[in-house]
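Dear colleague,

Please find below the structure I am handing over to you, with its sequence. My notes on what was found in it follow.

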Amino acid sequence: MLPVCNVSRSILGQPWHWRGLAGDTLDAGFVADDLVTRLLLARGCPREAIEAHRTPSIRGFMPNPSIFRDMDVAARRLADAVQAREHVAVFGDYDVDGATSAALMILVLRDLGLEARPYIPDRLMEGYGPSAEALVRLAEEGASLIVTVDCGAQAFEALASASAAGTDVVVVDHHKCSSLLPEAHAVVNPNRLDEGEGAAHGHLAAVGVAFLLCAALLRELRARGFFAERPEPKLLDRLDLVALGTVADVAALRGLNRAFVAQGLKVMTRRANPGLAALADAARLTRAPTCTDLGFALGPRINAGGRVGRADLGVRLLTTRDPNEAQAIAAELDRLNEERRAIEGEVQTAAEAMCGGDCAIAVVSGEGWHPGVIGIVAGRLKERLGRPSLVIAVGEDGIGKGSGRSIPGVDLAAAVLAAKEAGLLIAGGGHAAAAGVTVPPGGVPALAAFLEEKLAAAVTRAREDRALLLDAVLAPGGVCADLVDAMEAGGPYGMGWPSPRVAAGPVRIVRADRVGNGHVRAIVAGEDGRSLKAMAFRMADTDLGAALLGAPPHRRLWLAGRAKRDDWSGKAVAELHIDDAAWSD
């Protein structure tokens with residue numbers, strides 16, 4: 001394969017290759033429709049499905065919910081609860097996927113005349129997932145049905161205790177399952193090992209699975225004549241929650257997930273959910289939200305409640321009817337998000353200082369680290385090191401709570417489940433790209449050695465196959481607002497459906513300086529006589545940052561990155577967010 005721009009080894013040590021079929025050079029005369037078609041094909045869209053993917057709709061991608069194991073069983077049990085006005089509790093995880101899943105179930109049940117009770121465990125006091133104590137307490141307080149969302153697939157002891165207490169539990173999850181399933185009335189999870197046709201939807205976030213269950217519930221109630229004298233809830237009006245949870249959980253944006261996000265963003269622009277509207281105001285979003293906003297502006301603020309504040313703030317925000325309450329909660333989440341950033345910075349500095357050598361997986365631990373930020377720090381380490389990373393916060397009792405992030409091609413959750421089966425963990429689970437662990441006192445070295453051996457071959461293969469994938473090569477003048485708008489038509493972009501990356505150049509650095517928290521800002525000029533603003537975020541202390549800041553006037557570079565609108569200028573101009581660079585001479 002010929003490298004793009006003849007870059008076989010960039011400043012960050014990787015070759016540049018074309019993504020799929022996107023090997024044609026663009027110029028100022030590009031046609032938007034042609035560009036979008038090429039972007040779709042390069043991301044694996046079949047030629048015969050171009051139109052369906054160009055404007056992804058729920059109707060075009062929605063499967064029959066009944067293809068999933070236990071889906072109809074779960075729908076019937078929920079329908080019984082609605083008709084009998086039972087006491088229902090919704091037990092959710094404390095992250096965005098858990099909050100949106102719980103909010104979706106609660107709002108749909110509310111529309112059906114049933115007020116369900118939310119329960120979100122405290123990250124520090126209770127940890128992840130259902131505990132026997134919490135489920136039994138809910139049963140003793142009258143809950144005849146508990147729906148767990150974004151958790152429960154590995155909660156064997158807790159669900160057995162709930163069953164013994166006489167309460168039915170419906171599990172709605174998407175995390176990897178063991179060969180044995182917990183004792184529950186129904187386990188709806190496309191990643192069950194015995195799943196059939198539904199396994200094709202294993203990339204759904206929990207909120208997507210919850211949406212399918214809500215659709216099955218409405219269908220069941222419709223068949224029972226429940227809506228003969230009352231209006232049927234408009235489930236599509238809740239797609240704003242589904243979009244937020246899907247993007248924030250970094251679920252692959254292909255198939256049904258693309259439709260969820262594309263349509264959910266449209267719903268979100270209507271600002272019908274008071275909590276989401278207040279959160280957008282708190283995040284100072286004055287335009288229609290984008291996929292990036294969900295992942296980097298709204299999602300982190302909801303997450304902040306579970307990370308460093310009160311775990312139930314996200315669900316309360318998303319389910320409140322009162323705009324004043326929504327504004328108060330959104331303001332509190334905004335404050336907590338700033339606090340989270342400060343804590344995260346301290347842990348990240350300490351974790352980075354521990355990373356040395358060329359191990360397959362970076363495993364770092366520290367006493368007193370806040371468990372609420374270790375997942376974010378693990379993600380930062382993964383990006384910086386180009387390998388899986390696991391960050392473990394060790395408590396006063398010696399027990400470690402860890403969160404890991406992986407690179408494409410390396411299934412971290414499978415390795416974690418193997419470590420659990422080997423007796424190295426108190427608890428553990430997750431999915432390919434992210435996993436969580438609970439480590440016994442003194443158990444970090446043994447876990448690190450196990451994961452190193454387990455993942456070494458996969459990491460080596462993944463890193464050898466690493467290349468920066470490009471969609472187009474442009475002169476600096478081609479990086480313009482029209483190009484950005486045309487490329488956006490191929491979205492929404494995210495995990496599994498990457499946003500377009502272009503190479504611009506050759507350019508010389510006119511000016512470069514360090515700004516903010518380790519960013520590099522540069523003005524570059526090309527042979528076409530046009531200049532371009534470029535940003536390299538968190539790259540100041542890397543080889544790339546050094547090259548940009550120290551480039552001599554006579555040397556030229558190719559820059560690779562994402563073309564974005566410059567929101568700060570107020571004009572229809574674009575800038576380049578740099579991912580990599582290479583010397584052209």
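Buried residues account for 56% of the 585 residues in the protein. Please bear in mind that this is a predicted model.

As to overall form, the C-alpha trace spans about 75 × 55 × 45 Å along its principal axes. A compact globule of 585 residues would have a radius of gyration near 25 Å, and the protein, at 24 Å, therefore agrees with that expectation. Its secondary structure consists of 19 helices and 18 strands. Of the contacts between residues at least 6 apart in sequence, 67% join residues at least 24 apart.

In soluble globular proteins, nonpolar side chains tend to be buried together.

Which residues does Leu559 contact, leaving aside its neighbours within four places in sequence? They are Trp16, Val502, Ala503, Ala504, Val507, Val524, Ala534, Leu548, Leu576, Ile578, Asp580 and Ala581.

Concerning the surface, the protein exposes about 24,300 Å², of which carbon and sulfur atoms supply 51%.

With kind regards

Note on methods:
Residues numbered from 1 in each chain as written. Predicted model: local features only at pLDDT ≥ 70, side-chain atom pairs only at ≥ 80, totals over all residues. Heavy atoms only, no water. Contact = heavy atoms within 4.5 Å. Helix = DSSP H or I, 4+ residues; strand = E, 2+ residues; numbered from the N terminus. Rg over C-alpha atoms; globule rule 2.2 N^0.38 Å. Buried < 20%, exposed > 50% of the residue type's maximum accessible area, 1.4 Å probe, protein only. Areas by Shrake-Rupley, 256 points an atom, 1.4 Å probe, with all protein chains shown as cover.
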